[in-house]
Amino acid sequence: MRSIKKALAIFMALAVVISTITAFDITTASAKLKSIKVAKKVTVAVGQTKTVKVNVKTTGKTSKKFTVKASKKKIVKVTKKKGKIEIKGLKAGTVKLTIKSKANKKKKKTIKVTVKEAAVKDTDVKMTAKQVDSYIFTLTFSKAVNLSVSNLSAQIKKIKSGNYVHTVKIEDLSTTDNKVYTVVLSDNIYISDGCIIRFTVNGVNKKAIIQELETYFPDRERLSEKVYIVEDNQIIEKQWDIDDYTASNSYGKVKSVSGIPAGLKYNSEDGTINLKGTIGKTGVFTINFVIEDEKGTSNTLRIVFVAGNEYELTVYCPKKTVGIYQNGLYSYKSFVRAYISGGSGSYTVKAYDTVGIFDGDPVKDDDGIYDWDFNTDTIGTKTGIFTVEDDNIPNLKKNCNAVVETKKTILINGKITSATGKPIEGAKVCAEPKQYGENQIDNYSYSDNNGDYKIEVLEGTYDVYSNINNVYSYVYDKKITSNVTINFKLNLYTVELKSNDTKLDPKSFKYWDDEDIGRIGEGRFLYLKPGTYNVKSSGDVFPAMKYDATAQFTVKGDMTVLAKVNVKELKKIIVEEGDYYIEVTEDENIYCMFTPKQTGIYNISSTNSTGDPDVEVFDEDVNLMEEDFSYGDFNVDVTMQQGKTYYIIYNECEGTGNSITLHIGKN
């Protein structure tokens, strides 16, 4: 019994000791954790990793271990290591990291982490976007890239603070160097001035390339000239709307003005240019207003006042600069214009053609301006002489010069081919000058059946492009100083259409229309993008047939399609020299086939018509030779060769049924 009591006493003593030791350790552990030191704020970029030290200060053998927890796991990835943490940015945004001591979880610190978008590296491809036309944009890259409709998208919004909820379909995408891409957007969503377009390119850099721009309808720099004939000391009060001389729907301002003569006062307010006052002397006074729109495009409004008085004639005859077409096209014909002020206001103007270019004397138009034609095919600057005599004041006359500068045009030629290298016929090719002036020439053409084209322009800087079926290929900012070859490859495939009716030669096919797209081409060859088409064509063809054709097909490459054709024979008359009574009971064509027995000039005419007949004359190769669509009877003379067949197509164009007496005879 005594031993039991002794053992119990020892056990109780040990329990007290253990209890005391445990209580002592908890108390001392709290006392030995002094502090947790860590940065309060950290900034890291997406994809970047930043190391942050975590300094847990303790005394003795107290644990320095800690835990870390992120408030948003999608923003950062945190890795804990001994005495530090690694923070990797995953997504732009802010997140709070909470660090707690394992020795005492009541002790904690927080770090505010800001994750920013990754900075663009020098090695990354950069992109800029520019609007060329309403639905045409260019994307220019710092390096060559492979861009396709699959990795390019376009969104639009009309309010800057709004959201991109509309995706614009990309109609076409093309490039000549893989650096500058032309993007044609569909009109499935209306694009107006002030919209915001966002282009997104994936698969080029690690991160998507995004470019935003505000839309507007761009306008090329141009010169507009207005000439006013005024009298001596006449009160001038003129006004012009500034916006008439800026890009469409764009506000403008007068950037600079020069040449205002004494006596005239100028101001620009409420969107107008105002000139008031009197000039007070004779002469030609030229004022230039340089107008700049919101996008920085500058246009020039040139105002010319021609001021004379009762004792003196003032004549303004602006220099005419034109291009002379070369390479077998045609020479340039234009006109010279003269503005006359002073005297009685009634004049006789005579031209002295010492240089051999003027056609007759000037003719006065309804505005009191004198015009006369000139025609030349030689290069150089020529000065023609003309005189102005007052009809009512004796000895009041003036000798004047008309200067014509003719420049040789520069040839742009090349070939238009499809995605598979086949020639494309009927593609439009245009050279648009960077600056429009008064003396522009026609600068577009269409490719022939070999895909070849040629354009002639004056020296300058141009955007040259080709397009067909809303598929474009551009060459931008091309400085043209000498003959140049520019080839275009359009992302199209060739579809050859054949007829299931042997009576209709496929060469006779006319325009084709798709039920969704509209007009997509003409003839036996169509040039189309990949897709599904449902097309139809109809018309009158030689020799004396009317047809309707339909076809359905899916384009994946070059292909041949058999069109379903219905053919109807039209009225056909074989005629010789003489008179024929022809009656039409429906609104359709009648084909007369004539084979002359001798070579010579033949007269084809109508008499006794009861309506308004029209006539066209074609040769056997279906080339139009003559036509007469004037009101009433027709009368044409045609040179024909013996033994060849000619088509005389008579059309009764009122749709009520009419008759004529057709005459065919050799002159």
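Visitor: How many bridges join β46 to strand β47, and which way do the two run?
Guide: Eleven bridges join β46 to β47 (residues 545-555), and the two strands run antiparallel. Strands here are DSSP runs of E with at least two residues, while helices are runs of H or I with at least four residues, and both are numbered from the N terminus. Two strands count as paired if DSSP finds at least two bridges between them.

Visitor: Before we go on, what sort of model is this?
Guide: This is a predicted model, in which local features need pLDDT of at least 70 and side-chain atom pairs count only at pLDDT 80 or more, whereas totals for chains, interfaces and linings use all residues. Residues are numbered from 1 along each chain as its sequence is written, and side-chain values use heavy atoms, with hydrogens and water left out.

Visitor: Back to β47, then: which residue there is the bridge partner of Ser538?
Guide: The bridge partner of Ser538 in β47 is Asp548. In the hairpin of β46 and β47, three residues lie between the strands, and Ala544 takes a positive phi near 65 degrees.

Visitor: Is Asp270 buried or exposed?
Guide: Asp270 counts as exposed, because its relative accessibility is 76%. Buried means under 20% relative accessible area, exposed means over 50%, and partly exposed is in between, using a 1.4 Å probe and protein chains only.

Visitor: Which other strand does β46 join?
Guide: Strand β46 (residues 531-541) is also joined to strand β43 (residues 511-514) by two bridges, and these strands run antiparallel. Asp514 has Val535 in β46 as its bridge partner.

Visitor: New topic: in what order do the three strands of the open sheet stand?
Guide: The order is β3-β7-β6, with antiparallel pairing. Strands β3 (49-53) and β6 (76-81) stand at the edges with a single partner strand each, so one side of each is left without a neighbour in the sheet. The twist averages 20 degrees from one strand to the next, where axes are lines fitted to C-alpha atoms (for helices, over the stretch in contact) and angles run from 0 to 180 degrees between N-to-C directions.

Visitor: What about β3 and β7, how many bridges do they pair over?
Guide: Strand β3 and strand β7 (residues 84-89) pair over five bridges in the antiparallel sense, and Val52 stands opposite Ile85 in β7.

Visitor: And how many salt bridges does a search of the whole structure find?
Guide: The search finds 17 salt bridges, each being a side-chain nitrogen of Lys or Arg within 4 Å of a carboxyl oxygen of Asp or Glu. Side chains of opposite charge can pair when their charged atoms come close. One of the salt bridges is between the side chains of Lys207 and Glu117, at 3.0 Å from N to O. Lys207 lies in the loop between β16 (196-201) and β17 (209-214) and Glu117 in the loop between β9 (108-116) and β10 (127-133), so the pair ties together parts that are 90 residues apart in sequence. Lys207 counts as partly exposed at 42% relative accessibility, and Glu117 is partly exposed too, at 46%.

Visitor: Which residues are linked in a network of salt bridges?
Guide: Lys434, Asp463 and Asp477 are linked in a network of salt bridges. For Asp463 and Lys434, the closest N and O atoms are 3.1 Å apart. This pair links distant parts of the chain, with Asp463 in strand β38 (residues 460-468) and Lys434 in the loop between β34 (428-433) and β35 (435-436), 29 residues apart. Asp463 counts as buried at 3% relative accessibility, whereas Lys434 counts as partly exposed at 28%.

Visitor: Last one: how many helices and strands does the protein have?
Guide: The secondary structure comes to one helix and 57 strands, and buried residues make up 42% of the 667 residues in the protein.
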